[in-house]
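Me: Could you help me read this structure? I would like to go through it one piece at a time.

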Amino acid sequence: MAAPLASKAGSAGTTAKPPFPELDFRSGARVEELNKLIQEFTKHDQREYDDQRALEIHTAKDFIFSMLGMVQKLDQKLPVANEYLLLSGGVREGVVDIDLDELNVYARGTDYDMDFTLLVPALKLHDRNQPVTLDMRHSALCHSWLSLRLFDEGTISKWKDCCTIVDHINGATNYFFSPTKVADWFYDSISIVLSEIQKKPQRGMPKVEKVEKNGTIISIILGVGSSRMLYDIVPVVSFKGWPAVAQSWLMENHFWDGKITEEEVISGFYLVPACSYKGKKDNEWRLSFARSEVQLKKCISSSLMQAYQACKAIIIKLLSRPKAISPYHLRSMMLWACDRLPASYLAQEDYAAHFLLGLIDDLQHCLVNKMCPNYFIPQCNMLEHLSEETVMLHARKLSSVRSDPAEHLRTAIEHVKAANRLTLELQRRGSTTSIPSPQSDGGDTNQPDDRLAKKLQQLVTENPGKSISVFINPDDVTRPHFRIDDKFF
């Protein structure tokens, strides 16, 4: 690089210091270049939806909800009026804390175009006005067993075939809700319903391209028009209120204080079907704060979210073998960073590069120290079970990223562009079953669908990256009830 010319400004006999570009000390990369690369990644990673794509999204969602309504009617196990939490991004994207080592590998562009995670309550405990105390005597931190003693006799009778049974010395029998047995039941029930649906195909119905049980989640890929949508469906236990084990977290100061209310943050939590490293898979559930994370996401700046998405794309590829680090670990580190750093700093629009480098440094620090506290239950170390060999292997890989972040960003951009090209190519071939366009048949009967497509497009545009909660009555699946954060549609 040519030496910059000295400035003529200033008093006689002195020269002003040349304005060097801002550089990353470790790699020598220009911060301005890193910012541009992050912006380019964001542009390719976030796609706009036209009316037709919005209608395809709605068609797939309605199909999934109708299917769940039929599952409920099979044996009346699921609650009659249920509340699902629909999250943008699949389980592999780290939207919930579930182990990835049991999941088949799906790739955007090759296997699907859009991905979602749907939390479906199998049981609900919603009448609690006090901290919820769970049975953690047999579990690692952040995990719990669930006894059906908390429920009425009717619930026990319906679900006891999905329980493990423990007989006590006093002769009493305790039924513990089993995540593995619930997942088996759920997969079998969904398979039965889909088989029935496919016997009587209807015009415009999505094509079921894949149904697989991945550990304790059920993955369904639907072909709708020119789109392929992945739904990771997770059977959960839903609670209103807040767990006693996380009560002390509420006493601390947090980045969201004053931006959203405590009532919004602690409105509910879940048990998801995942056990600890040494836990008993048939009995142990993991606490999930997905509902709270939807609220906290509203308080995170767009530049930090862009850096997080770019960093996530890098580590998903780089740290995939052996599977030790998931995107959920990175999400937890981001939330801790929000608590640690001034809000005015994190709000800087042109600091995405600083945030990306900081997230890489944080992740490497966590690996070297084998310490990543759960954001809501800090006494739970999510990396405690890893071997020294594994953490050092991943730390060395991250060191290569930190030495040349620009090159790894370019690779991430090429991956997402390649995925988009695959999607466009499949759309051109018309490889999936087509659904009619809102305008295809003419006449007034299509106007509601047209308005719905425009409404959905508006929701997607106005709420980028937000998660949608949907309340639906299985006996009336014709009425969508959207809730994006705390707004109803």
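**Burial, helices and backbone**

Me: What does Lys370 count as at 21% relative accessibility?
Reply: Lys370 counts as partly exposed at 21% relative accessibility (buried means under 20% relative accessible area, exposed over 50%, partly exposed in between, with a 1.4 Å probe and protein chains only). This is a predicted model, in which local features need pLDDT of at least 70, side-chain atom pairs count only at pLDDT 80 or more, and totals for chains, interfaces and linings use all residues. Residues are numbered from 1 along each chain as its sequence is written, and side-chain values use heavy atoms, with hydrogens and water left out.

Me: Where does Lys370 lie?
Reply: Lys370 is in the loop between H10 and H11. Helices (H or I, at least four residues) and strands (E, at least two) are DSSP runs, numbered from the N terminus. The phi of Lys370 is near 50 degrees, a positive value in a residue other than glycine.

Me: Let us step back. How many helices and strands does the protein come to?
Reply: The protein has 13 helices and 13 strands. Of its 489 residues, 51% count as buried.

Me: Let us turn to H4. How many residues has helix H4?
Reply: Helix H4 (residues 179-199) has 21 residues. From its first C-alpha to its last it reaches 30 Å, close to the 30 Å expected at 1.5 Å a residue (the expected span is 1.5 Å times one less than the number of residues). Buried residues in H4 include Trp185, Phe186, Ile190 and Leu194.

Me: Now Ile315. Which helix does Ile315 lie in?
Reply: Ile315 belongs to helix H7 (residues 302-318). Ile315 is buried, with a relative accessible area of 4%. Leaving aside neighbours within four places in sequence, Ile315 is in contact (heavy atoms within 4.5 Å) with Ser320, Ile325, Leu330, Leu363 and Leu398.

Me: At what angle do H7 and helix H11 pack?
Reply: H7 and helix H11 (residues 388-403) pack at about 135 degrees, with their axes 11 Å apart. Axes are lines fitted to C-alpha atoms, for helices over the stretch in contact, and angles run from 0 to 180 degrees between N-to-C directions. H7 and H11 are therefore oblique to each other, as angles under 35 degrees count as roughly parallel, over 145 as roughly antiparallel, 65 to 115 as roughly perpendicular and the rest as oblique.

Me: Which residues meet there, in H7 and H11?
Reply: Ile314, Ile315 and Leu318 in H7 meet Lys397, Leu398 and Val401 in H11.

Me: What about H8 and H10: at what angle do the axes cross?
Reply: The axes of helix H8 (residues 327-340) and helix H10 (residues 352-368) cross at roughly 110 degrees and come within 10 Å. H8 is therefore roughly perpendicular to H10.

Me: Which residues in H8 and H10 meet?
Reply: From H8, Leu330, Met333, Met334, Ala337 and Arg340 meet Leu359, Asp362, Leu363 and Cys366 in H10.
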